[in-house]
Amino acid sequence: MTVIGTGYLGATHAICMAVLGFEVLGVDVDPAKVARLAAGEVPFFEPGLPELLRKALDSGRLRFTTDFAEAGEFGDVHFLCVGTPQAPGSDAADLTYVRAATTALARNLRRRALVVGKSTVPVGTAAELTELVQRTAPAGTAVELAWNPEFLREGFAVDDTMNPDRLVFGVSPEWAEQRLRACFAPVVDDHGTPVLVVDLPTAELVKVAANSFLATKISYINAMAEVCERTGADVTKLAEALAHDSRIGGRFLKPGLGFGGGCLPKDIRAFKARAEELGVGQAVAFLHEIDAINKRRRARTVDLVREVAGGDLRGVRVAAWGAAFKPDSDDIRDAPALDVAVLLQEAGALVTVYDPEAMVNARRSYPQLAYADSALEAARDADVVVLLTEWRQFREVDPEVLGEVVAHRRVVDGRHALDRTAWRAAGWEHRALGRP
Ligand code: UDX
């Protein structure tokens with residue numbers, strides 16, 4: 001099989017499939033990325049993946065190339081894993097990369113093959129690509145297209161790939177289903193993973209519906225946090241009480257700074273944009289509010305830091321702990337942490353950022369911010385420490401030790417991640433959104 005696009009999704013898929021025993025060719029237009037992967041280096045932070053890359057390369061079953069002719073020659077099944085970012089100046093998804101990769105591959109398909117889309121796309125894209133592939137490929141209608149949405153979370157990419165909650169196969173002909181069942185047999189046989197065989201539009205929708213639901217759950221509890229702030233209630237206790245209702249459940253019900261990353265924010269926007277195009281915009285109009293609640297968290301976190309600092313941020317030294325959009329990732333796409341750091345700086349604060357893994361990416365994209373080499377260094381002489389990404393090393397900091405280096409023992413816990421009792425016992429003023 002080939003895997004077209006070797007970002008988070010594609011690299012993980014290619015590596016895991018090779019480890020599971022398939023012959024895999026990873027394809028990317030970026031020669032630097034291909035060279036790093038071929039040399040055994042994962043170009044992003046993902047726990048457990050470097051070890052598996054080594055294993056896959058040593059097995060001789062995994063190679064990488066930039067050559068689509070080689071890919072067409074090599075593969076019986078081709079997985080499309082290129083990105084679908086938010087289009088500039090619009091809420092819609094940018095399908096440039098999907099169309100370009102599909103065209104480049106199709107030109108080189110000279111025998112019966114299956115192309116499997118894994119990228120998150122607006123509903124209707126698979127039908128468009130089927131037509132594109134069959135029109136472009138020398139093998140014509142002998143090439144078929146299926147959709148197999150990917151649900152992996154960064155930080156858990158290997159586990160989510162090897163042991164997914166479910167597999168969704170969007171297929172029209174039976175042959176495509178058989179091929180996909182063969183591709184995922186090692187996963188299904190090992191774990192008894194449920195397989196849902198559906199049509200193409202359902203497969204496309206499963207992904208955006210799942211991400212919209214997750215975003216809604218997070219914004220729901222953050223909306224409750226706003227009400228708590230006004231009423232003196234405690235959103236962490238509220239969330240805990242809701243979580244005991246098994247119909248609601250506690251996952252993705254963690255209040256705080258809200259969601260970011262390369263998926264949730266852009267997926268809800270693209271879904272709304274696509275629904276409007278289709279004339280069913282009203283059905284998902286609430287996603288606009290979900291996005292707005294989420295954005296307000298960032299502004300409210302800045303307000304809270306201002307309040308703690310005495311009402312004015314000018315000249316206030318702030319230690320910003322975290323840059324990645326979530327812990328165990330170096331991904332800073334739409335990262336709430338960096339948004340807050342920038343807003344603080346714009347309000348006149350002297351901000352120093354530290355993140356365990358995302359420093360290179362953060363420095364590159366936000367050169368205007370100051371950076372420190374450790375959490376303690378960032379906090380030296382700080383007037384306020386603000387926790388923005390709940391890395392374990394921040395959660396486990398000893399407030400006594402930290403108290404020795406700061407100017408004032410004041411902490412804003414943007415992720416409800418610190419043990420408030422312990423911090424208060426160590427003389428800290430501890431504040432968090434939605435908690436009295
Ligand atoms: C998400 C989906 O979970 C995954 O299934 C999909 O394939 C891709 O998008 P990912 O972007 O890796 O995965 O991150 P996820 O773990 O879902 O977290 C998203 C954001 O929500 C993070 O910024 C996180 O901090 C935030 N979050 C999550 C909360 O604020 N509260 C929660 O309770 C859970």
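Predicted model: local features only at pLDDT ≥ 70, side-chain atom pairs only at ≥ 80, totals over all residues.

Reader: Ok, so where does the ligand lie relative to the domains?

Author: It lies between domain 1 (2-198) and domain 2 (207-291), because both give residues to the shell around the ligand.

Reader: How many residues surround the ligand, and which are the closest?

Author: There are 20 residues around the ligand, and the closest are Phe 151, Glu 154, Lys 254, Phe 325 and Lys 326.

Reader: Which helix gives the most to that shell?

Author: That's helix 10, residues 200-231, which puts in 4 residues.

Reader: And what's the shell like by class?

Author: You get 10 nonpolar, 3 polar and 7 charged residues around the ligand.

Reader: What about backbone atoms by the ligand's oxygen atoms?

Author: Leu 152 has a backbone N or O atom 3.1 Å from an oxygen atom of the ligand. For Gly 260, a backbone N or O atom is also 3.1 Å from a ligand oxygen. At Leu 253, a polar backbone atom is 3.3 Å from an oxygen atom of the ligand.

Reader: How much of the ligand's accessible area does the protein cover?

Author: On its own the ligand has 670 Å² of accessible area, and the protein covers 91% of that.

Reader: Which residues line the largest cavity?

Author: The lining is Val 121, Pro 122, Val 123, Leu 205, Val 208, Asp 267, Ala 270, Phe 271 and Arg 274. Helix 10 and helix 12 (264-277) are the elements that give two or more residues to that lining. Helix 12 gives the most, with 4 residues.

Reader: Nonpolar or charged, what's in that lining?

Author: It divides into 7 nonpolar and 2 charged residues, with no polar ones.

Reader: And where does that cavity lie?

Author: The largest cavity lies between domain 1 (2-198) and domain 2 (207-291), since both give residues to its lining.

Methods. Residues numbered from 1 in each chain as written. Heavy atoms only, no water. Near = heavy atom within 4 Å. Polar contact = N/O pair within 3.5 Å; in protein donor to acceptor, adjacent residues only side chain to side chain. Areas by Shrake-Rupley, 256 points an atom, 1.4 Å probe, with all protein chains shown as cover. Nonpolar A, V, L, I, M, F, W, Y, C, P; charged D, E, K, R; others polar. Domains from an automatic or database assignment. 1 Å grid on protein atoms, 1.4 Å probe; cavity = no way out; pocket = protein on both sides within 12 Å on 5 of 7 lines; lining within 4 Å.
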